[in-house]
Amino acid sequence: MKQKLPLLIVLVLGIFFTIQFFVPSRASEVTYQTTLQWWLVMSSFAMVLALGSLINHHALKIKRRKEGWWNSWVTLAGIAVMGGLGILGGPSFRMGWANDAYTRLFLFVQAPMDSAMFAILAFYMASASYRAFRARSREATVLLVSGFVVMLGIIPFGAMLWHRIPDIAEWVMMVPNMASKRGILFGIGLGATATALKIILGIERSWLGGGGK
Amino acid sequence: MFSHDPWVWIAAIMTLAIFSFLYKENWFYRIAEHLFVGMSAGYAMARAWNNALVPNLFNPLFADFGRNWPLLIPALIGLLYIFRFVPKFSHLILIPIAVGLGLGSGLSIAPTIQTDIIKQMQSAIADASNVSAGGWGLAWGILSFIGVLTTLSYFFFSREHKGALKVSASIGIWFLMVGFGASFGNTVMGRVSLLIGRVQFLLTDWIHVIR
């Protein structure tokens with residue numbers, strides 16, 4: 001019963017909402033909109049699970065005095081301050097000072113760290129690309145040339161070298177790149193549809209835990 | 001010369017803390033990293049509360065409970081996620097997961113077929129048969145269509161890649177490599193522009209070297 005009920009729910013909801021897409025009626029549209037609202041409400045509670053796991057992990061680290069345990073205090077403080085200020089300053093409590101502090105913390109602490117975190121990836125991508133781009137085969141050479149042309153085409157320096165480079169970069173993006181992306185999207189579409197069908201029909205059961213047994 | 005705004009100082013220190021990882025992992029970076037994780041989680045929590053729960057659950061319930069009480073159903077199903085932390089009843093978490101998977105799978109099948117399969121193929125065929133695009137336009141459309149077919153043939157594993165399929169798959173690899181190279185170039189440039197933005201912030205807003 002512990003596994004049959006979830007499988008039945010997936011089957012019924014899966015079939016119902018697959019059919020719903022093809023039913024052109026007002027009732028069908030209302031059902032769709034209501035479901036989206038319900039889904040939004042339900043999935044928001046998953047945040048409790050995510051936050052609970054994160055808080056639990058760091059609380060245990062502090063309790064057991066694991067290496068770097070004091071850093072966990074920083075994470076917990078970050079959750080409490082940002083989450084607390086966001087909720088107090090939001091539409092439910094409307095505390096101006098909290099909203100102001102929340103906005104400033106977002107603009108001057110979180111956003112700079114976010115972009116700095118992604119910016120340092122540029123250095124690692126550069127070193128990774130050195131290893132990947134050592135043109136050892138024809139395919140690797142194609143990848144190297146295509147990446148190089150696109151990079152040059154985006155920056156003004158490319159146009160300074162030769163005025164046609166931006167056009168070539170655009171051609172690479174619009175013709176061979178588009179072709180491969182369409183092929184990949186086609187494959188993703190088939191794969192996603194097959195996986196969704198496997199889940200609805202109960203063939204894919206790994207989400208039940210225990211390797212689907 | 002330096003900025004007098006304490007918030008700019010905080011932003012600059014946080015940026016330098018993250019960049020310090022480029023030298024080696026250190027306590028300065030670790031603090032910033034943990035703060036980033038905590039603040040991002042707090043931000044996500046506030047967003048879920050303010051943008052999802054308040055407008056879609058609390059406001060309708062408080063405004064007209066008699067009419068909107070059915071909203072308690074997804075709320076109660078969602079609350080079952082909490083049983084993950086109660087070992088005796090942890091299996092109840094499968095109910096909201098099942099509802100999410102059922103809805104997600106059901107709602108995604110038709111749009112996925114429409115957008116990722118039919119529309120993509122429609123556009124590829126339309127480009128390859130668009131006579132009004134002129135000589136080169138039509139040629140590139142046909143080339144693009146050949147690229148789609150050969151890329152797909154590379155992912156066709158039901159038959160051994162021999163003969164015509166091998167040739168087609170080999171051409172497909174070339175298209176894929178150009179695509180990966182273009183994606184790589186775009187991603188690198190995106191990261192570099194973020195780096196430029198950060199350095200510009202340090203030199204302009206913080207140190208005032210650039211005006």
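## Salt bridges and the model

A salt bridge is a side-chain nitrogen of Lys or Arg within 4 Å of a carboxyl oxygen of Asp or Glu. One such pair is A:R182 with B:D127, whose closest N and O atoms are 3.2 Å apart. This is the one salt bridge counted between chain B and chain A.

The structure is a predicted model, in which local features need pLDDT of at least 70 and side-chain atom pairs count only at pLDDT 80 or more, while totals for chains, interfaces and linings use all residues. Residues are numbered from 1 along each chain as its sequence is written, chains are lettered from A in the order in which they are written, and side-chain values use heavy atoms, with hydrogens and water left out.

## Where the two chains meet

Contact here means heavy atoms within 4.5 Å. By that rule, 109 residues of chain B are in contact with 106 residues of chain A. The two chains bury about 9900 Å² between them, and 82% of this lies on carbon and sulfur atoms. Buried area is the accessible area (1.4 Å probe) that two parts lose on being put together, summed over both.

Twelve residue pairs, both residues at pLDDT 80 or more, are in polar contact between chain B and chain A. A polar contact is a pair of N or O atoms within 3.5 Å; within protein, one must be able to donate a hydrogen and the other to accept it, and residues adjacent in sequence count only if both atoms are side-chain atoms. On the side of chain B that touches chain A, α5(B) gives the most, with 28 residues. Helices are DSSP runs (H or I, at least four residues), numbered from the N terminus. The residues of this side divide into 75 nonpolar, 28 polar and six charged. In this division Ala, Val, Leu, Ile, Met, Phe, Trp, Tyr, Cys and Pro count as nonpolar, Asp, Glu, Lys and Arg as charged, and the others, Gly among them, as polar.

## A serine at the contact

A:S115 is in helix α5 of chain A. Leaving out residues up to four places away in sequence, A:S115 touches B:L194 and B:R198. A:S115 is buried, with a relative accessible area of 16%. Buried means under 20% relative accessible area, exposed over 50%, and partly exposed in between (1.4 Å probe, protein chains only).

## Helix α1 of chain B

α1(B) has 14 residues and reaches 20 Å from its first C-alpha to its last, close to the 20 Å expected at 1.5 Å a residue. The expected span is 1.5 Å times one less than the number of residues. At the N-terminal end, B:D5 caps α1(B), with a side-chain oxygen 3.0 Å from the backbone nitrogen of B:W7. The buried residues of α1(B) include B:V8, B:M14 and B:F19.

## Salt bridges within a chain

Over all chains, the whole structure has five salt bridges. Side chains of opposite charge can pair when their charged atoms come close. In chain A, A:R104 and A:D100 meet in a salt bridge at 3.8 Å, N to O. These two residues are separated by about one helical turn because they are four residues apart in helix α5 (residues 96–133) of chain A. A:R104 is partly exposed at 32% relative accessibility, and A:D100 is partly exposed at 44%.

A:R164 forms a salt bridge with A:D167, the closest N and O atoms being 3.4 Å apart. A:R164 is partly exposed at 41%, and A:D167 is partly exposed at 41%. In chain B, B:K162 pairs with B:E160 in a salt bridge, with closest N and O atoms 3.9 Å apart. B:K162 is exposed at 54%, and B:E160 is exposed at 58%.
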